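Here are a few notes to read alongside the model. Keep the structure open and look up each residue as you go.

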Amino acid sequence: MTQERGEGIRRMFEEMRLVGLTDPDYHQTSGSVRLTLTALSRMSPEQQAALPRGAEEILTVLRRGDHPLGTGDIVAATGRSRPWVRAQLEEMRTSGVIRWDGKSPRDPRATWSLP
């Protein structure tokens, strides 16, 4: 019973992040708890409009990963071609939707993650 206490709140946060929604609004006082779940995207309308076609598929892969992923990992998870994935990643990086971490432009160990 102790293990499950509070697990539902954490799960709500995780599940909402997984689908790209904002975090729940959670307030706890000595006598009450108020939790507000909103169906608002974590991205601004400008960022959403700038997303390339098929970007949601890549974003889902990045959200489900518990750590930054390499380009090859994303190619394998989506089943798409490497050039297509690379083009989508670059476009999303330019618009600020995702982050690239590497030591040089051709770093084979570079990773992609959500900001």
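**Notes on a predicted model**

1. Let's start with one side chain: that of Thr78 reaches the backbone oxygen of Ile74 at 2.9 Å. Please keep in mind that this is a predicted model. Thr78 itself is found in helix H4.

2. A polar atom of the Thr78 side chain lies 3.3 Å from the backbone nitrogen of Arg80.

3. Is Thr78 buried or exposed? Its relative accessibility is 13%, and because buried means under 20%, Thr78 counts as buried.

4. Which residues does Thr78 touch, leaving out those up to four places away in sequence? They are Glu57, Ile58, Val61 and Val85. Two of these names, Ile58 and Val61, come back in the next point.

5. Now turn to helix H3, which covers residues 55–64. Its buried residues are Ala55, Ile58, Leu59, Val61, Leu62 and Arg63.

6. Finally, find the hairpin formed by S1 and S2, with 4 residues between the two strands. Strand S1 spans residues 25–28 and strand S2 spans residues 33–36. They pair in the antiparallel sense, over 4 bridges. To see the pairing for yourself, find Gln28, which stands opposite Val33 in S2.

Definitions and conventions: Residues numbered from 1 in each chain as written. Predicted model: local features only at pLDDT ≥ 70, side-chain atom pairs only at ≥ 80, totals over all residues. Heavy atoms only, no water. Buried < 20%, exposed > 50% of the residue type's maximum accessible area, 1.4 Å probe, protein only. Pairing = 2+ DSSP bridges. Polar contact = N/O pair within 3.5 Å; in protein donor to acceptor, adjacent residues only side chain to side chain. Contact = heavy atoms within 4.5 Å.
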